[in-house]
Amino acid sequence: MSKQPQKDKNFVPSRRSFLQGGLTAAGGAAVAAIGGGAALAAGTPDPAITELKDWNQYSGPGVDAAPYGVPSPFEAHVVRRDVPWLTADPISSINFTPLHELDGIITPNGLCFERHHSGVAEVDPAEHRLMINGLVDKPLVFTMQDLMRFPRENRVYFLECAANSGMEWRGAQLNGCQFTHGMLHNVMYTGVRLRTLLEEAGVKPAGKWILAEGADASGMGRSIPIEKALDDCLVAFKMNGEALRPEQGYPVRLCVPGWEGNMWVKWLRRIEVGDKPWQLREETSKYTDLMPDGRARRFTWAMDVKSVITNPSPQAPITHGRGHTIITGVAWSGHGKIKRVDVSIDGGRNWQHARIDGPSLSRSLHRFYYEFNWDGSPLYLQSRAIDEQGYVQPTKDALRAARGDNSIYHNNGIQTWYLKSNGEAENVEVS
Amino acid sequence: MSKFLKFTASIVLLGAAWATNANAQDADAGEKVFHKCAACHAVGEGAKNKVGPELNEIFGRVAGSLEDFKYSKAMTKAGEEGLVWDHDSLTEYLAKPRDYVKGTKMAFTGLKKDDEIANVIAYLATFSESAEQAAAEPESAPAAAAVETASTAEPAVNAADAVIPEHGVHHLGREALPEEIAAWDIDVRPDGVGLPVGSGTVADGGVLYDENCAVCHGVFGEGEGRWPVLSGGFDTLTADRPVKTIGSYWPFASTIFDYVHRAMPFGNARSLSADQTYAITAYLLYLNDIVTEEDFELSNETFSEISLPNKENFYPDDRLEEPNFATNVEPCMENCGDGPAEIVMRARILDVTPDGDEENGAGGID
């Protein structure tokens, strides 16, 4: 725990916590409360009702107790978590969004997963500049104030790391959708179209690619074809209404809707227009997909149609026993809107349409629900998304048949949770 | 006009406040300096040894005395001869580690600025109970007040006097100066566009590599811990566990130069000159048998001679031609598959607690 001493170890999902603490340790305070209620004998008055609680009797803190509000202490277990063995050092590492604790489609700013290549850059916005140079009529420099004077737009987009679910290529490995699918967040951005900025500088006809570059110590850079740059890319300075968080690129980042998260350059300080791609580290040695014949795909930008059941899942077991039960999860596609989500409770033998609720936006998370009457028998839970292009989320076997085990990125296979009769869920693969 | 004068005055005031505090130790500033150290050293609650020893209670510690850390012989000997870490010894050591303790394993070349040294020591002092209180003394109040003044002081311009540029559609921003573009535009492409004038030999690169790179990437590029492996791995791309290195996988040598020049060494980016970067790139090519002579000199002139062996084995994204995507048909809804579903694989890593490193995962995120 040396790296993150503030974390509460009790909520890290482990075999130990299941064995020692039972379900309450894994599920947190809310589960403990519900479990406590269920344990009452029939006809016994509920002390939650009959006893006077402190909050019924005494005044609480005043309006300025938390000038910037924070979650209830009962939600203290709802945090990003990392898997330290994945990377060499926390300064160049990743953590994961707690998908199983969220609902709706928006990811709260403090829970959006982080991936840095040289730590979080602390940038003074007064000293931040965005430069456009290369094959343009006039190379330009913008201050943050300049950027905020261009016409703005608000768009909700998912960001998924290309390596999300990358640890699962060789089989079920991590127990929790936070770890298997949590390199994902969905945010409403406010910003300026990159197209608007490029038009201000004037792209020359020979300009076919852009290089987006960050101001952090890794100098993160990615090549992006000009068609995408002039289409929907957004230079964003607000997330969910407030300034970007430092770990998400404050004061300004690039959004590349539907494409892999590594391209969404944070702390964006330069856009160069060129006639060829730059072939930098993150688009050659990384983010290329090794195939079984030893060759590799490059420029695999789009994130394919995908979904996952977030509840129940290994970190979010069912504690209420049989009866009316809600399965919920998220679905998304880099190719547009989600047309439909199917849910199977028998490992893919039979499927039912799930209900999508909330906004259905292109290249945004969609929230789905499937309500049913659980009889308490073991189930194999799966979800399968279909996007508006008609692309169907594949099985993991189909992906492995096409790509082998070593392509690391772009694993959008169907996830299976084995729901046991005691309500626990485990990450498995089925025939 | 009067407001402009006021603004100028506050700048002067700010400058004076900073000048008087130039030598004051600032633990907060030191925390930032410590980023240069954090790749190898941990400090704070629960800190453990990494590539370098943990630094809690470093003040008063005899050099080379942590029992669970393997020091260089030189450091152990320095401790036996009486070296104890305190404000003065740390100040000298951090300026030039390898001059102060000849033979130390610490590859870091030293902090160049006195205030960085003072600040990082102040930061470390906050994790040492025995450190003198003075070392951790916070910034004096006037300096903080001056900073606040500066951040709110904006020169007020009469709106009607603002100059509107002629370029573009919205007439926003200003033209980038050639010096500004040169300062930031350091990217290098496979066709050599962007290479600065300069040169360096394999032999020079070896020395620089040992000083700056080997601590993480290993003496032969084999990689320490989970830090990237840079050499070898030939003919492993079809193996069960491919080893993707410069020699076995990377398509372009320009990527080495670009990345080392912009991002390495980790925690001290942009510190290598063009000549040093050519030398390190040459040495990495040597470690991968791409060049074989120690006197080989890589330069902007010779760069185009270099071709990496795996260059031809990359091809454009064709995922949408895979059967699963290409067919694009309505999926099966009822009685799919053969017989009832059965478990064929279970989660192999149930325990992902940070200390459970004896059972590392099968995959990686790279």
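Predicted model: local features only at pLDDT ≥ 70, side-chain atom pairs only at ≥ 80, totals over all residues.

Me: Let's begin with the two chains. How many residues does the contact take from chain A, and how many from chain B?

Reply: Both chains contribute to this contact, and each side has its own count. Chain B gives 97 residues, and chain A gives 117 residues.

Me: What area is buried between chain B and chain A?

Reply: The size of an interface is often given as the accessible area lost when the parts come together. Here carbon and sulfur atoms give 55% of that area. The total buried between chain B and chain A is about 9600 Å².

Me: How many salt bridges cross the interface of chain B and chain A?

Reply: One pair to look at is A:E122 with B:K32, whose closest N and O atoms are 3.5 Å apart. That distance falls within the 4 Å cut-off for a salt bridge. Across the interface of chain B and chain A, the count is 14 salt bridges.

Me: Which element gives the most to the side of chain B that touches chain A?

Reply: Several elements of chain B supply at least two residues each to that side, among them β1 (174-175), α8 (178-184) and β5 (343-346). The greatest contribution is five residues, and the element that gives them is α11(B).

Me: By class, how many residues on that side of chain B are nonpolar, polar and charged?

Reply: The side of chain B that touches chain A also takes part in polar contacts, with 42 residue pairs counted between the two chains (both at pLDDT 80 or more). By class, that side of chain B has 20 polar residues, 31 charged and 46 nonpolar.

Me: Which strand does a hairpin join to β4(A)?

Reply: Look at A:I132, whose bridge partner in β4(A) is A:L140. The strand at residues 129-134 of chain A pairs with β4(A) in the antiparallel sense over four bridges. The hairpin passes through five residues, and the strand joined to β4(A) is β3(A).

Me: In the open sheet of six strands, which strands stand at the edges?

Reply: The order is β18(A)-β17(A)-β21(A)-β22(A)-β23(A)-β5(B), with antiparallel pairing. Each edge strand has a single partner strand, so one side of each is left without a neighbour in the sheet. The edge strands are β18 (352-353) of chain A and β5 of chain B.

Me: How many bridges join β23 of chain A to β5(B)?

Reply: These two strands run antiparallel, with β23 of chain A covering residues 425-430. A:V428 stands opposite B:R346 in β5(B). The number of bridges joining the two strands is three.

Me: Let's turn to chain A by itself. What distance separates the centres of domain 1 and domain 2 of chain A?

Reply: The domain assignment gives domain 1 as 81-297 and domain 2 as 306-428. Contact between them takes 44 residues from domain 1 of chain A and 41 residues from domain 2 of chain A. Taken over C-alpha atoms, the centres are separated by 26 Å.

Me: How many salt bridges are counted between domain 1 of chain A and domain 2 of chain A?

Reply: These domains bury about 3600 Å² between them, with 54% of it on carbon and sulfur atoms. A:R363 and A:D232 form a salt bridge, with their closest N and O atoms 2.8 Å apart. Between domain 1 of chain A and domain 2 of chain A, the count is three.

Me: One last thing. How far apart in sequence are the parts that A:R193 and A:E153 tie together?

Reply: The side chains of A:R193 and A:E153 meet in a salt bridge at 2.8 Å, N to O. A:R193 lies in strand β6 of chain A and A:E153 in strand β5 of chain A, so the pair ties together parts whose separation in sequence is 40 residues.

Methods
Residues numbered from 1 in each chain as written. Chains lettered and ligands numbered in written order. Heavy atoms only, no water. Contact = heavy atoms within 4.5 Å. Buried area = accessible area lost by both parts, 1.4 Å probe. Polar contact = N/O pair within 3.5 Å; in protein donor to acceptor, adjacent residues only side chain to side chain. Nonpolar A, V, L, I, M, F, W, Y, C, P; charged D, E, K, R; others polar. Domains from an automatic or database assignment. Pairing = 2+ DSSP bridges.
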